[in-house]
Amino acid sequence: MPDSARRPRGGRRRARVAVEIPEEYVDGFAEALAEVSQTGRRLTRDEIDARRALGERAAEHGYSLRRVVAAHLSAACAAWPTLPGAASAATAREMSAVTAGVLEAVRQAVDATSEGYDYAQRLAVRQEEAARREFVDDLLYGRSNLNRLAERAERFGLRLAYEHAAAVATGPEPYDDTHPVTRRVEQALVARFGARRILLATKEGRLICVAPGSQDDMLAYFAEQARAATDGGRVAIGRAHPGPGGVVHSYEEALNALDLAERMPLTTPVLYAADLLVFPVLTRDRHAMADLVRTALGPLRDARGGAQPLLDTLWAYFDSGCVAAETARRLRLGVRTVTYRLDRIKTLTGSDPADPLHRYVLHTAVIGAKLLDWPTKEL
């Protein structure tokens with residue numbers, strides 16, 4: 001095909017590339033190729049540094065790497081017919097040497113440009129991660145100006161003027177933002193609800209999810225996915241509260257629920273802070289609760305083996321609906337052993353676990369003992 005028939009198409013192609021990315025990103029490239037074609041040299045350090053800097057600038061300005069590379073290849077194609085070395089090559093060997101040198105220079109330029117582009121991308125990701133981590137810390141600890149915090153939250157898909165609730169999940173090992181468990185849970189949430197309105201993060205080895213308070217299904221689904229990903233871990237969900245400070249409140253409720261589950265202990269895999277409000281009430285007056293534990297359960301210390309076996313029996317007895325046979329099954333004891341222990345408790349404390357009034361006092365005291373870690377700790 002004649003050169004005159006080829007040139008218009010090439011001209012249109014170069015014009016299209018120029019529209020996609022400014023010519024400044026290939027400044028000096030054609031001149032460098034011209035010298036390479038004449039001398040056979042490689043690109044200098046300064047030329048490579050210039051390509052790398054242009055790659056960084058392209059990433060910062062939002063141009064894709066494909067467009068940057070395409071611009072360099074188009075520039076090389078456009079410059080080839082006018083390269084001095086190609087025009088003066090007298091033999092096929094000389095032309096081959098010029099071609100090899102120019103292609104190597106193009107490879108160096110593209111490699112340096114890509115390196116600069118990748119560096120800018122990694123830097124942007126690190127900066128974004130740092131900003132996200134700082135936001136999560138401020139959000140969960142309430143250390144930032146609340147108005148400013150609400151403005152920053154918009155960037156991460158949260159509108160803190162509305163109610164939000166927090167859920168916290170734990171598992172057999174600590175988790176961070178790059179852990180496979182975190183990625184698995186995040187992918188499941190995004191696939192179902194989209195990337196907006198939900199914030200998934202990690203803090204102190206735990207998975208944390210913040211979602212609108214009106215969307216109970218989001219946190220319920222998070223709990224389901226977190227338990228599956230952590231091989232049966234435990235999840236606590238705080239109540240929904242309005243405003244930037246509401247997230248902190250909900251997060252603390254979830255943490256307190258997890259702590260309570262460890263001390264009681266509670267076997268429920270998904271804990272709702274709303275269902276556990278009685279426990280903070282019981283421990284609000286710590287002095288009064290300690291006095292109740294000492295008075296109602298203190299005599300159990302005089303039993304053979306100490307208070308702990310009898311305390312465990314009371315806990316299982318109340319937890320099983322005051323059924324001796326079920327208590328024995330849970331403790332892996334004989335029914336006669338359980339009834340003997342209950343009689344011993346009645347003798348030592350003067351309170352009968354089968355009596356409704358005594359049962360209420362003893363049950364409250366047993367809960368208090370769990371919360372205060374008695375008898376391990378002195379009250």
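Me: A disulfide is a pair of cysteine sulfur atoms within 2.5 Å. How many disulfides does the structure hold?

Reply: The model is predicted: local features need pLDDT of at least 70, side-chain atom pairs count only at pLDDT 80 or more, and totals for chains, interfaces and linings use all residues. Residues are numbered from 1 along each chain as its sequence is written, and side-chain values use heavy atoms, with hydrogens and water left out. A search for disulfides in the structure gives a count of 0.

Me: Is Cys209 buried or exposed?

Reply: Buried means under 20% relative accessible area, exposed over 50%, and partly exposed in between (1.4 Å probe, protein chains only). Cys77, at 58% relative accessibility, counts as exposed. Cys209 has 0% relative accessibility, so Cys209 counts as buried.

Me: What is the phi of Asp231?

Reply: Asp231 sits in the loop between α9 (216-229) and β4 (234-237). Asp231 counts as exposed because its relative accessible area is 70%. Although Asp231 is not a glycine, its phi is positive, at about 55°.

Me: What is the relative accessibility of Cys322?

Reply: Cys322 is placed in the loop between α13 (308-319) and α14 (324-331). Cys322 is not a glycine, yet its phi is positive, at about 60°. Cys322 counts as partly exposed, its relative accessibility being 25%.

Me: How far apart are the end C-alpha atoms of helix α10?

Reply: Helix α10 covers residues 244-263, and its buried residues include Pro244, Val247, Tyr251 and Leu258. The expected span of a helix is 1.5 Å times one less than its number of residues. With 20 residues, α10 should span 28 Å, and this agrees with the distance between its end C-alpha atoms, 30 Å.

Me: Which residues make the nonpolar surface patch of about 330 Å²?

Reply: Patches are made of residues with over 30% relative accessible area and no salt bridge, like charges being joined within 9 Å and nonpolar side chains (Val, Leu, Ile, Met, Phe, Trp, Tyr) within 5 Å; accessible areas come from the Shrake-Rupley method with a 1.4 Å probe, and for residues only the protein chains shown count as cover. Tyr360, one of the patch residues, is in helix α16. At 59% relative accessibility, Tyr360 counts as exposed. The patch is made by Leu357, Tyr360 and Val361.

Me: How many of the residues of strand β3 are buried?

Reply: Strand β1 (residues 163-170) pairs with β3 in the antiparallel sense over 6 bridges, where two strands pair if DSSP finds at least two bridges between them. Ala169 stands opposite Leu207 of β3. Strand β3 (residues 206-212) is largely enclosed by the rest of the structure, because its buried residues number 6 of the 7.

Me: Which residue in β3 is the bridge partner of Lys203?

Reply: Strand β2 (residues 199-203) runs antiparallel to β3, joined by 5 bridges. These two strands form a hairpin with 2 residues between them, and Glu204 in the turn has a positive phi of about 55°. In β3, Lys203 is partnered by Arg206.

Me: How many salt bridges does a search of the whole structure find?

Reply: A salt bridge is a side-chain nitrogen of Lys or Arg within 4 Å of a carboxyl oxygen of Asp or Glu. One network of salt bridges links Arg133, Asp137, Asp177 and Lys203. Glu47 and Arg41 also meet in a salt bridge (3.0 Å, N to O). For the whole structure the search finds 20.

Me: How many residues apart in sequence are the parts that Glu104 and Arg42 tie together?

Reply: Arg42 is partly exposed, at 48% relative accessibility, and Glu104 is partly exposed too, with a relative accessible area of 23%. Glu104 forms a salt bridge with Arg42, the closest N and O atoms being 2.9 Å apart. Glu104 lies in helix α6 (residues 92-141) and Arg42 in the loop between α2 (29-39) and α3 (45-60), so the separation in sequence of the parts they tie together, in residues, is 62.

Me: In which helix does Arg330 lie?

Reply: Asp319 counts as partly exposed at 48% relative accessibility, as does Arg330 at 39%. Their side chains meet in a salt bridge (2.7 Å, N to O). The pair ties together parts that are 11 residues apart in sequence, because Asp319 lies in helix α13 and Arg330 in helix α14.

Terms used: Helices (H or I, at least four residues) and strands (E, at least two) are DSSP runs, numbered from the N terminus.
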